[in-house]
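My notes follow the structure.

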Amino acid sequence: MSAESKFKITTEIRGILLDEPKLTSIVGEKIFPIKAPKDTPGDFILYQRDEYSKEYNKMAITSQTCKVFVTAISEDYDKSQELAYQINECLEGVFDDPDMAIKLIDSTEDYEDGKFIQVLLFEIQ
């Protein structure tokens with residue numbers, strides 16, 4: 001994958017999430033970068049790139065790594081867990097277009113403002 005496309009990896013992540021009917025049946029198109037619009041009703045997903053790094057040798061870039069947080073938010077705990085499960089199911093794996101491998105490296109959960117929050121951290125190479 002080119003440096004530019006890795007830098008814009010969150011665009012690819014959003015596309016993958018929007019292509020998953022099991023997710024869009026719950027959240028529709030409510031998949032937002034960094035933060036949701038104020039007073040967004042119901043369930044939704046946020047995504048945010050946390051890291052973009054490159055390794056070099058004397059000749060070129062030898063590898064690129066991104067870390068992306070994907071967060072499922074719901075007023076219902078079970079639904080937040082189902083969203084997190086479906087996010088992991090559709091993102092984790094090896095992809096051809098673009099050429100990348102995605103793996104879950106951490107997760108946590110929280111509760112704030114009447115919403116259950118499932119946070120998944122993915123590493124993308």
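I looked up aromatic pairs and got a count of 3. The rule takes rings of Phe, Tyr and Trp (its six-membered ring) with centres within 6.5 Å; planes under 30 degrees apart are stacked, over 60 edge-to-face, the rest tilted. In Y77 and F116 the ring centres are 5.4 Å apart and the planes stand at 70°, so I noted this pair as edge-to-face. Y77 sits in helix α4 (residues 77-91) and F116 in strand β6 (residues 115-124), so the pair ties together parts 39 residues apart in sequence. Helices (H or I, at least four residues) and strands (E, at least two) are DSSP runs, numbered from the N terminus.

The model is predicted: local features need pLDDT of at least 70, side-chain atom pairs count only at pLDDT 80 or more, and totals for chains, interfaces and linings use all residues. Residues are numbered from 1 along each chain as its sequence is written, and side-chain values use heavy atoms, with hydrogens and water left out.

Ring pairs also join Y77, Y111 and F116 into a cluster.

Next I checked exposure (buried under 20% relative accessible area, exposed over 50%, partly exposed in between; 1.4 Å probe, protein chains only). Y77 is partly exposed at 29%. F116 is partly exposed at 23%.

Which residues of helix α2 are buried? I found I9, T10, I13, I16 and L17 in this helix, residues 9-18. They cover an arc of only 115° around the axis, which puts them on the same side of α2. The arc uses directions from the helix axis to the C-beta atoms.

Last, I looked at Q64 in strand β3 (residues 61-74). Q64 counts as buried, at 11% relative accessibility.
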